[in-house]
Amino acid sequence: MEVQLDTITAATSELTLKATPEQLNLKLDLATLGSDVVYNLTTRRIEDEVFLDGTLTFTMNLTCARCVDEFATPFRLPLRLVIQLVVDESLVREEDADSEEFVVFPEAKKAFSLDQQVRDLIAVELPMKPLCRIDCRGLCPQCGANLNESPCGCKSSGPDPRWDGLRKLSNN
Ligand SMILES: [Zn+2]
Ligand SMILES: [Zn+2]
């Protein structure tokens with residue numbers, strides 16, 4: 001989603017943008033966008049700096065790491081970005097582009113894409129191991145039944161499936 005930087009002035013103004021899941025093209029484990037991402041931003045330019053400040057709202061469809069059920073979770077994340085406009089493109093260095101909250105951008109390009117910032121922000125905020133609920137019982141290691149729905153009748157001699165993830169880690 002692009003912000004037209006040449007329309008931003010010293011007067012604070014509101015900007016609402018929307019990006020579809022296809023546009024953002026997130027590549028995440030156990031998570032897909034369940035809605036558009038709506039950006040509600042206030043914009044302001046002071047000399048050669050553009051300030052974007054606001055929130056992102058969207059829904060993620062997460063896959064439970066224990067029972068593999070999909071569940072939707074609403075998110076509301078703050079987005080804060082300072083874009084320093086430069087005339088000379090050679091001033092744009094790699095390390096500047098890496099910062100989450102500050103970027104250097106050639107003024108002549110005018111349209112600034114927020115997509116990478118938004119992808120990074122979402123990736124950082126997502127849980128490493130999404131759980132449909134904190135006490136999810138997971139799947140029976142023998143018959144694969146979802147133990148949240150009902151006990152399956154297998155002898156529970158096996159190790160607790162809730163520790164599968166940790167066990168995998170320690171086997172590596
Ligand atoms: Zn679950
Ligand atoms: Zn079972």
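**Definitions applied to a predicted chain**

Read along the sequence, the chain follows the pattern β-β-α-β-β-β-β-α-β-β-α-α. This is a predicted model, in which local features need pLDDT of at least 70, side-chain atom pairs count only at pLDDT 80 or more, and totals for chains, interfaces and linings use all residues. Residues are numbered from 1 along each chain as its sequence is written, while chains are lettered from A and ligands numbered from 1 in the order in which they are written.

Me: What makes up the secondary structure of the chain?
Reply: The chain has four helices and eight strands. Both kinds of element are DSSP runs numbered from the N terminus: helices are H or I with at least four residues, strands are E with at least two.

Me: Why does Thr20 count as exposed?
Reply: A residue is exposed if 12 or fewer other C-beta atoms, placed from the backbone, lie within 10 Å of its own, buried if there are 20 or more, and partly exposed in between. Thr20 has 12 such neighbours inside 10 Å and therefore counts as exposed. Thr20 lies in the loop between strand E2 (13-19) and helix H1 (21-24).

Me: Why is Leu30 called partly exposed?
Reply: Leu30 has 17 C-beta neighbours inside 10 Å, so it counts as partly exposed. Leu30 is placed in the loop between H1 and E3, and its phi is positive, about 60°, although Leu30 is not a glycine.

Me: Why is Asn25 exposed?
Reply: Asn25 has 11 other C-beta atoms within 10 Å and is therefore exposed. Asn25 belongs to the loop between H1 and strand E3 (31-33). The phi of Asn25 is positive as well, about 50°, although this residue is not a glycine.

Me: What makes a set of residues a nonpolar core?
Reply: The set must consist of buried Ala, Val, Leu, Ile, Met, Phe, Trp, Tyr and Cys residues joined through C-beta atoms within 7 Å. The largest such core has 21 residues, and Val37, Ile83 and Val118 have the most contacts inside it. Strand E4 (37-46), strand E5 (49-63), strand E6 (70-86) and helix H3 (115-125) each supply at least two residues of this core. E5 gives the largest share, six residues. Another core, of five residues, lies apart from it and includes Cys67, Cys136, Leu139 and Leu147.

Me: With which residues is Ile83 in contact, leaving aside its neighbours within four places in sequence?
Reply: Contact requires C-beta atoms, placed from the backbone, within 7 Å of each other. Ile83 is in contact with Leu5, Glu49, Val50, Val103, Phe105 and Phe112, leaving aside neighbours within four places in sequence.

Terms used: Contact = placed C-beta atoms within 7 Å.
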